[in-house]
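Please keep the sequence and the structure in view while reading.

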Amino acid sequence: MAEPLVKSFCGEVSANRKYPGPRYRGVNLLLQAWDVLLWTGLLKGLQMALWPRLRPALGDYAYPAAYPASLLLFALATWYCGLLRLPVALALLVSILLGIYGIRRGDYRLREIRGLLAWDAVFLVGFLFALAVRFTNPPIGYFSEQYMNHAFIASIIREPVVPPLDPWFAGGHLTVYYYLGHWLMGSLAIVTGLPSEVAFNLIPATVYGTAFVMLYALGSLLLDRYRWLPLAVLLLIPPSVVWFLAEGAGIYSAFQETNWIIPGGRVEFPVFSLFLGNVHAFEIAVFNQVFLIFLLGFTWLRWRRLETPGRFGLILLLGLSVGSMPLLSSWDALVYAPAVAVFLLVVLARDRDRSTLAAAVGVPAIALSIYLPYYLNLEPAGIGGIGWGLPPTDPLAFLAVWGGFLALVYAAVARDIRRVPVAFAVAVPPLAAGYAALAILLVPLAYLLLRRERSFADLLCIAGLAVIAFCEVFYFEEMLGGDYSRFNTVFKFYFDAWILLGTGSLLLAGGWLAGRRPVLPAAVWKGAAVVAAVGLIAAPVALEIDVGRGLLGIDYPPAGYHTLDGFAYLEATRPGEAAAIAFLRTLDGDHRIVEAENGDYGYYSRVSSFTGIPTILGQIGHELTWRGNGAWYTERPAEVRAIYEDPERTLALMEKYNATLLYAGEPEHERYDVLLPDRGLRLIYDEGGVRIYERAG
């Protein structure tokens with residue numbers, strides 16, 4: 001947004017500051033409200049433009065499905081703009097042309113749209129709930145993955161090219177990582193003109209709003225009543241959280257205790273991820289997971305009724321969703337690619353017609369082809385193989401995570417157990433081997449597989465239980481070893497299993513409840529739903545769950561802490577750094593910067609993260625995971641040190657990495673004995689304890 005307009009909202013900048021920081025949003029709620037309206041306006045515009053084109057495939061569900069489908073289409077269009085070095089804003093032409101075409105056809109009728117506003121209300125409930133969470137926990141800090149994820153977004157906003165520049169490895173690109181979620185959100189920020197620190201805190205709201213509307217659509221598709229029940233999968237907590245709360249722990253402490261309850265792994269569930277606010281790839285990808293689940297459920301129920309154009313449209317949507325998944329989160333693809341393949345084969349065996357065969361062949365073909373250049377450029381360190389033989393999970397810890405959903409599934413198969421008790425013997429081998437947790441989940445899995453007729457909820461539960469069973473026996477070999485060999489396997493697969501098993505078990509519960517006589521009149525239920533929605537949105541502010549302040553250890557004034565500006569805390573805690581960062585963000589051109597390197601999860605790599613300007617080496621542990629252990633691992637840290645400490649080598653090493661800027665703040669002086677050359681560096685900034693130099697020539 002233009003500076004004069006910003007000043008009109010917030011008043012003149014203090015005269016004694018030469019380079020005012022972009023902290024206007026941190027203290028001005030009116031401007032932040034405008035940011036939210038811009039962002040949601042774009043989301044709504046994308047959704048409305050696509051909605052009529054989805055009708056042949058999805059009918060009454062085209063309106064809610066247009067929310068995630070339009071995001072995936074926007075990501076695809078902007079990605080190819082970046083690949084072709086075109087402005088990403090050109091991707092809006094796709095939506096504009098679709099909208100104009102819809103208007104000319106008379107697709108937008110006011111009376112019809114009024115009848116569809118309930119879907120928008122559901123979207124807003126999810127959006128505003130997550131927005132309230134981030135509003136009360138806004139800082140982008142170093143205690144988790146926030147620096148990394150903001151660095152990606154800032155890099156994409158600064159230079160939106162494909163493949164994006166790696167902000168923590170000067171000269172490298174993000175061909176080592178799945179980045180499409182960050183690309184999508186960065187592109188939304190570019191089009192709306194929002195700064196990265198505000199967009200960062202709007203991302204969880206976008207994900208939750210879109211996921212909410214699709215879970216409600218899934219409930220509407222499969223349940224006669226209690227259609228809202230699947231939404232609970234994004235709000236529920238494991239039983240262990242309740243236990244820790246009963247013992248007197250705070251809410252966040254109870255989340256963290258659950259986080260590490262499985263030895264050698266990490267347990268993260270949606271509502272905890274939301275409060276932590278990492279905006280990690282797998283968190284952004286939730287909206288696509290839920291969208292894919294809905295599309296599969298729709299296929300399961302409606303495929304036979306669709307005409308040829310509708311089937312073709314559904315194949316395209318499935319291909320778009322599955323094809324976007326590896327770029328959003330490759331761990332999701334490891335779960336859903338085989339699940340979708342099996343699902344399509346099951347549908348093919350059930351229907352046995354040409355169009356079903358076309359779906360079984362067409363969906364993977366479309367999924368692979370739409371982002372083919374991504375795979376041609378991909379160069380990750382990768383997974384070394386599949387390992388097994390780690391100690392079994394403690395059954396009490398296992399039930400502390402999965403006990404709630406498992407109780408629902410056991411209740412659903414209780415009749416099957418009474419009818420065929422012999423199948424219970426499936427638990428004997430794992431029990432004999434000491435794998436009690438595996439035995440617990442194999443029993444309902446076996447009974448669901450033995451059913452002659454399965455509901456879609458059964459299929460979701462089967463998939464979720466199978467993923468958890470895999471984690472009990474196998475793991476993917478990565479950089480982490482020893483006791484933490486299965487860290488990421490449990491971390492990422494448990495999250496996917498939470499969505500699959502949680503949604504499936506809640507649908508099973510909804511089916512059981514729908515068969516019971518209503519306890520309250522419909523009007524009372526509607527009133528209760530409104531009260532629950534308002535309470536959900538207000539709860540994060542009322543509970544005042546402290547994540548950012550507590551983990552950063554900052555003393556930030558409560559009156560200014562509630563904000564969507566993820567960098568507002570810097571103005572209160574490190575004003576010199578805040579002003580220097582603001583100055584760097586005003587610089588145009590192809591810059592690379594030298595800053596201190598000092599491992600992960602500390603107040604380092606912050607300049608590249610805050611600005612998106614690539615540095616020689618950021619968080620080394622992350623780069624090691626992505627790139628493997630090469631010569632760079634010892635060379636780059638040593639040469640960064642030499643740039644600061646050996647004036648004879650400073651300029652040559654900066655030229656080696658094409659570094660144009662050198663940053664010297666408090667962390668640099670703590671890390672190195674800073675001694676810079678007298679010539680060849682031009683001082684371009686010197687305020688608040690920070691000096692920034694530009695390499696001459």
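A residue is called buried when its relative accessible area is under 20%, exposed when that area is over 50%, and partly exposed in between. With a relative accessibility of 6%, Asp 107 therefore counts as buried. This side chain forms a salt bridge with Arg 105, and the closest N and O atoms of the two are 3.5 Å apart. The model is a predicted one, and residue numbers run from 1 along the chain as its sequence is written.

The crossing in which H3 passes H6 is left-handed.

Helix H18 (residues 330-351) packs with helix H19 (residues 354-369) at an angle of about 165 degrees, and their axes are 8 Å apart. Angles over 145 degrees count as roughly antiparallel, and H18 and H19 are therefore roughly antiparallel to each other. Their crossing is left-handed.

Arg 304 and Asp 351 meet in a salt bridge, with a distance of 2.8 Å from N to O. This pair links distant parts of the chain, for Arg 304 sits in the loop between helix H16 (286-302) and helix H17 (308-328), while Asp 351 is in helix H18, 47 residues apart. Arg 304 has a relative accessibility of 55% and so counts as exposed, whereas Asp 351, at 14%, counts as buried.

Another salt bridge joins the side chains of Arg 671 and Glu 597, with 3.8 Å from N to O. Here too the pair links distant parts of the chain, 74 residues apart: Arg 671 is in helix H36 (residues 666-671), and Glu 597 is in the loop between strand E3 (593-594) and helix H32 (606-611). Arg 671 is partly exposed, since its relative accessible area is 27%. Glu 597 has a relative accessibility of 4% and so counts as buried.

Salt bridges can also be joined to one another. Asp 416, Arg 419, Arg 451 and Asp 458 are linked in a network of such bridges. For the model as a whole, the count comes to 24 salt bridges.

Tyr 447 is placed in helix H24 (residues 436-450), and because its relative accessibility is 2%, it counts as buried. Tyr 447 and Arg 105 are 342 residues apart along the chain, and their C-alpha atoms are separated by 51 Å.

Which helix is largely enclosed by the rest of the structure? It is helix H31 (residues 575-584), because nine of its 10 residues are buried. The buried residues of H31 are Gly 576, Glu 577, Ala 578, Ala 579, Ala 580, Ile 581, Ala 582, Phe 583 and Leu 584.

Finally, several loops deserve attention for their backbone geometry. The peptide bond from Val 162 to Pro 163 is cis, with omega near -5 degrees. Pro 163 is found in the loop between helix H9 (146-158) and helix H10 (180-192).

Tyr 226, although not a glycine, has a positive phi of about 55 degrees. This residue is in the loop between helix H11 (196-222) and helix H12 (239-246), and its relative accessible area of 15% means that Tyr 226 is buried. Val 279 is likewise not a glycine and has a positive phi of about 55 degrees. The loop that holds Val 279 runs between helix H14 (270-276) and helix H15 (281-284). With a relative accessibility of 3%, Val 279 counts as buried.

Conventions
This is a predicted model: local features need pLDDT of at least 70, side-chain atom pairs count only at pLDDT 80 or more; totals for chains, interfaces and linings use all residues. Side-chain values use heavy atoms; hydrogens and water are left out. Axes are lines fitted to C-alpha atoms, for helices over the stretch in contact, and angles run from 0 to 180 degrees between N-to-C directions. Helices (H or I, at least four residues) and strands (E, at least two) are DSSP runs, numbered from the N terminus. Angles under 35 degrees count as roughly parallel, over 145 as roughly antiparallel, 65 to 115 as roughly perpendicular and the rest as oblique. A crossing is left-handed if the near helix is turned anticlockwise from the far one by less than a right angle, and right-handed if clockwise. A salt bridge is a side-chain nitrogen of Lys or Arg within 4 Å of a carboxyl oxygen of Asp or Glu. Buried means under 20% relative accessible area, exposed over 50%, partly exposed in between (1.4 Å probe, protein chains only).
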